Every structure is written in structure tokens, then in C-alpha cells.
Amino acid sequence: MKKFIVILGVLLLTMAAFSACGSNDSPMDGNVENLSTELTIATPWASGFLEAAARRFEDMYDGRYTVTIVVYDDVMTYGQVLNTAIMSGMGEDILDVWGVPWQRIADVGGLLDLNHLISFQSEEFYQGVLDAFLQDGRRYAVPLGFRIDAFRLHDVAEDYIVNPNRFTLEDIIALSNAHPDRSLITGPMGMSDVTLAHRFFNLYFEDFIDLHNRTANVDSEKFINLLLDVQLLSESIMGGDWSEALIQETVMHNPAMNAEGIVDNTGLNLFTNSRGEGIVVPSTLFAVNANASNPALAARFIQFLLSEEMQSSPEMFGTPVNRNAAVINGQGTWDGSLALGFVPDGVDFDTNLAVFNALANRLTLAGTSDPFIGGFVSDEMSRFFVGEITAEQAAANLQARLMMYLNE
């Protein structure tokens, strides 16, 4: 991995030298004529939704354009191959960049700003979800779908009044102090001390890392206290047994979802920062390569992917960012589950949707999908929680690793 980081650093510097060739400041008139009629899309895995969209798009224009989907066989090397191709002036026109250091690539001119190529009407979308991926006001990446990671408090916590607009690490500590011997949070999937600490790291990501200026601030009291606070929670709530203590629950509106997956959304909470903001978990994140042969055509296809027609299709995975499509899909899921007797008692669709929307409206943070940064953070946190190093050592180690990576 170290060898690839060095190569990536060299390529990033090289791209910066000639990034004017693919400058995001160049105006686009949206004209797709007299340019390439073939559109290529890079994705790490096969997608029925993407395949259906490609064929419908071709039919819509009577075969004038051809959409080719390139599925990379090895998901583990997808980001590495994509980085190298973009920085070398190649690569597909449209790229799924979730799990790829797209912010760094965009910062040196590798991706196009889509603000002037795609129309975003706030009333049509979960705008906070879309805007979470803005970088210095520019829209390099667009999520098509998303999910909400939420949790439900156990009945033992009923006497604890949770601020409906936030649930911070400090709130969890206060709750654990009030109920030191009980499991507090419930759901279907386990969460470790590392994942909880990493979650709050992402909630305050901009306090710790400035990607644009390539600086880190993790050798700080705030990061050290984050580790210590989560350690105390791990020891005090369930004696370190996080499988029952802190759990995440995924909430979706999706007609392709198993009918038994319907969840009663009432009483769900989000982990948030002090401003009540939660993290977006996208199902797909699309960007346009600065080297695209027909940028306007690529933007037009992404616009089609965001349309109510495509977002409400049965192939759609995750909750659509298009609000109307989310209602259509959610109602379809609900009706199918109701017919099979799988809808929770005492809750109706409108109430469930209203709670979901209230949670979704607070998703305004993207964190980073850079696998190297994520790996560095998890590695040092893991070493701390198993007792291999102190919180101060973890902070110093992470600061050094991040600064070396950010400045390569």
C-alpha cells in the first residue's frame, strides 16, 4: 500500500501541473451534439438499476447514444485503478467514486463541477443529502441513493430526555451515567468501540482534517478525549460487550427490500455532532471525469438517473434522493408488506414516512470515503482499544500518518 500511496502522490502532483486542461472553471453550454456519442461508466459492481437506466436512456434518444457500463472485476483494486486512469488523462466518463479519495482527485482538477451542468431543484430532492458532498461550493459528486443509520433507546432510558435535534457523544455518556449497568441502545446489528469512535470522528471530521489545505489536527485534546470517552463507555455500559450495548439500525424505503424488513421508525434517533447534523451513507456516488469525451452528455445521463422515473423504478437500491420517488417506493414497500402481514402494529405509512423525512433532513455531512484515511484512523483506534498504545500515542501516530499522506 505504501508503494501505491507514493505513486498516487506523484500522479496527483503531475495532475496539478496540467489541471488547467480539465479546468472546472470552464463554462459548459450543455451541448451534446458534434461530440462523442458513446458514454462509458465505471462501477465496482454490477447494478440492475444502472443497466436498466442505460437501456432506457438509449431508447429515449432512439439509439443516438450508446451507454457502456464497465464493471471492474476486483472491487479491492477498483479505487487504485480508477485513480491511476484519471490522473493519466484516461478513465471512463462517469465514475462511481464512493470508496475512492474523490475529494483529493477533484482538488487537482480530475473531476468536473456539475453545478453548471445539472439542475438541482431543492424541493425535488433531499437537498441536505446532495449538498453534503459539496466541496468549496462545487458539486463534484452526486449520491443517487442513501440510507440512514439510526438506533432505538431501550425502555430503561425513558426517564432520560433526549434532545430531538441531536444525540451526541456527551448525550451517550450522560445516559450511561444514569444507567451504568444496563444495555441502552437496541437494533439488529452490532457495533464495536472502534466503529463508534470512528463514527464520531466522522461527525467532527472537519475539526480533525482539512482536505483542501492538506492539514490534520488529530494530535489534539479533542481527539484524545474522544478515544477516552468511548473507552469509558465500553467498560461501563456492558463490561465491554458492545454486541448488545450500542447497535446501528438501517432504515430504508425500497420496494426491492425484503417485505419483512419494514421498520417502525417512531422512536429512532441519529448519532449527531453538537449542531444536530448526521452523516449521509450513500448507496452510489457518481462523478464526471474531467477527461470525459462528452461532459454534457454525461451530465444529462446523471440528470436522468436523478429523475422520478428512474429513481422510482423497481431496480433502485437504497432510498432515492428524489423525494417523490422515495414516497412512491416507500408506499410500494409498505403495501406489499401489509398484504403479507409484515407491517408493525400501531403505525401507519404517513407517520413512518414523516419520521424518516425528519431524520433524513438532518443528514448534511459526508465525511470522507478515502480508504487510506479511513484505514489509518481505524488502525490507530484499534491499537488503542486493545491496550497496545495510549490515547496520546494513537493521536501522535495518526497525526504523522495523515500529514505524510495528505502532503504526498
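For the class counts below, I took Ala, Val, Leu, Ile, Met, Phe, Trp, Tyr, Cys and Pro as nonpolar, Asp, Glu, Lys and Arg as charged, and the others, Gly among them, as polar.

The model is predicted: local features need pLDDT of at least 70 and side-chain atom pairs count only at pLDDT 80 or more, while totals for chains, interfaces and linings use all residues. Residues are numbered from 1 along each chain as its sequence is written, and side-chain values use heavy atoms, without hydrogens and water.

I looked up the pockets (on a 1 Å grid over the protein atoms alone, open sets of points where a 1.4 Å probe fits, with protein on both sides within 12 Å along at least five of seven lines; lining residues have an atom within 4 Å of a point).

Entry 1. The largest pocket holds about 780 Å³, the volume being the space filled by probe spheres set on points joined across faces, edges and corners. I found 33 lining residues, with W98, D149, N202, I279 and V281 closest to the centre. Helices (H or I, at least four residues) and strands (E, at least two) are DSSP runs numbered from the N terminus. Here α7 (193-203) is among the elements giving at least two residues, and α7 gives the most, seven. I noted 18 nonpolar, 11 polar and four charged residues in this lining.

Entry 2. The second largest pocket holds about 530 Å³. Its lining has 27 residues, and L134, F205, E206, L211 and G367 are the closest to the centre. The elements that each supply at least two residues include α4 (102-107), α7 and β16 (363-365); α4 gives the most, with four. By class I recorded 11 nonpolar, seven polar and nine charged residues.
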